[in-house]
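Dear colleague,

Please find below the sequence and structure that I am handing over to you. I would be grateful if you would look at them alongside the notes that come after.

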Amino acid sequence: SFYILNPYTSAYVGVRLTEITAIFLVTAIFYLFLKFMKTKIPAYLFFLAVFLGFLPFVRPGYLFFSLFVMIILIIKAVSYTAKTISKIFLVTVISIVFFSFFIFNIARNYLYFKQAAVLTVDSLFVREFYISLFIDSFEKNKNIPKQVTEIYQEYSRTTNASEWKKMAQKYSNLAMEEIYRDPVLFIVRRIRKLWIVWEKHELFSYENPKNDNVTQLVYWSNIIIFMICAIGISFWVRKKKEVWFTLLFFFLVAYITVLHAFTITAERFSLPAYSLIFLFAGYGLWTILTRLSNIFTHQKKENI
């Protein structure tokens, strides 16, 4: 269904990347969240905790997104029932389910590397932030700067905690030096990257036709989808439908936008939000067509 309804995901269905899995998990999280809000069935909280716990291992950058949604779930679980025992039980269960995904990783990192890291012992944010100072996106920067090549060759070759700290500190210092060298460029690049992650220039990243007309068609089709999505959201908000669901969608969009302004940026990184963008775009298109149909029907009746 992703392949049919969302053309931007088609190229990744048979590719060994995390995008399709991330799209499925994010879509499942929003679906289960909506089902719980409508039915108040506790079982949905259990499955939500499962998907939220698994998501950071597919896309590590979504760790804080998962934590944020878990906080919302705990708040909802507390308000779900008036019985104190039921509240404690529900919160305990979903918390254990969520954090159980990290227990093995923390234990393994401590056992082998003497560091109780949740995901990886390397400071990935430092690496991604440093690279983002030299690359707007991998689609726009065809020539990889030597600084990026060097950090990829050096950064994860360390073997103990003290070396990891030294490596992270080294590239933190280099990043600050680069920012001080040209702070205006740093700001301009952050602003530019806010939009770059949402751009789409091609459907098939590895076998895309080298045709400017096709590129422009894909690019402007994506913008039109955003415009229809915005219309759909405005109609949705006016009807005050599922406020929490809408707020969570806005948070996801903001999270993806800001996260990749300070890390490596690629057009495919925004794909996990596209199932929801298409959902609101479909609602917007349906609303527009319905209103146009009502106008034409009303005019016909007046003419008669």
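Predicted model: local features only at pLDDT ≥ 70, side-chain atom pairs only at ≥ 80, totals over all residues.

The crossing of α3 past α5 is right-handed. On the α3 side, the contact is formed by Leu-45, Phe-46, Ala-49, Val-50, Leu-52, Gly-53, Phe-54, Pro-56 and Phe-57. Helix α5 contributes Leu-90, Val-93, Ile-94, Val-97, Phe-98, Phe-101, Phe-102 and Asn-105. Sorted by class, this contact of α3 with α5 holds 15 nonpolar and two polar residues, with no charged residues.

The second pair is helix α4 (residues 63-80) with helix α11 (residues 243-259); their axes come within 11 Å and cross at roughly 165°. Since angles over 145 degrees count as roughly antiparallel, α4 and α11 are therefore roughly antiparallel to each other. Here, too, the crossing is described by its hand: α4 passes α11 in a right-handed manner. From α4, the residues in contact are Leu-63, Phe-64, Phe-65, Phe-68, Val-69, Ile-72 and Lys-76. From α11, they are Trp-244, Leu-248, Phe-251, Leu-252 and Tyr-255. The contact of α4 with α11 comprises eleven nonpolar residues, no polar residues and one charged residue.

Yours sincerely,

A colleague

Terms used: Residues numbered from 1 in each chain as written. Heavy atoms only, no water. Left-handed = near helix turned anticlockwise from the far one by under 90°. Helix = DSSP H or I, 4+ residues; strand = E, 2+ residues; numbered from the N terminus. Contact = heavy atoms within 4.5 Å. Nonpolar A, V, L, I, M, F, W, Y, C, P; charged D, E, K, R; others polar. Axes fitted to C-alpha atoms, helices over the stretch in contact; angles between N-to-C directions. Parallel < 35°, antiparallel > 145°, perpendicular 65-115°, else oblique.
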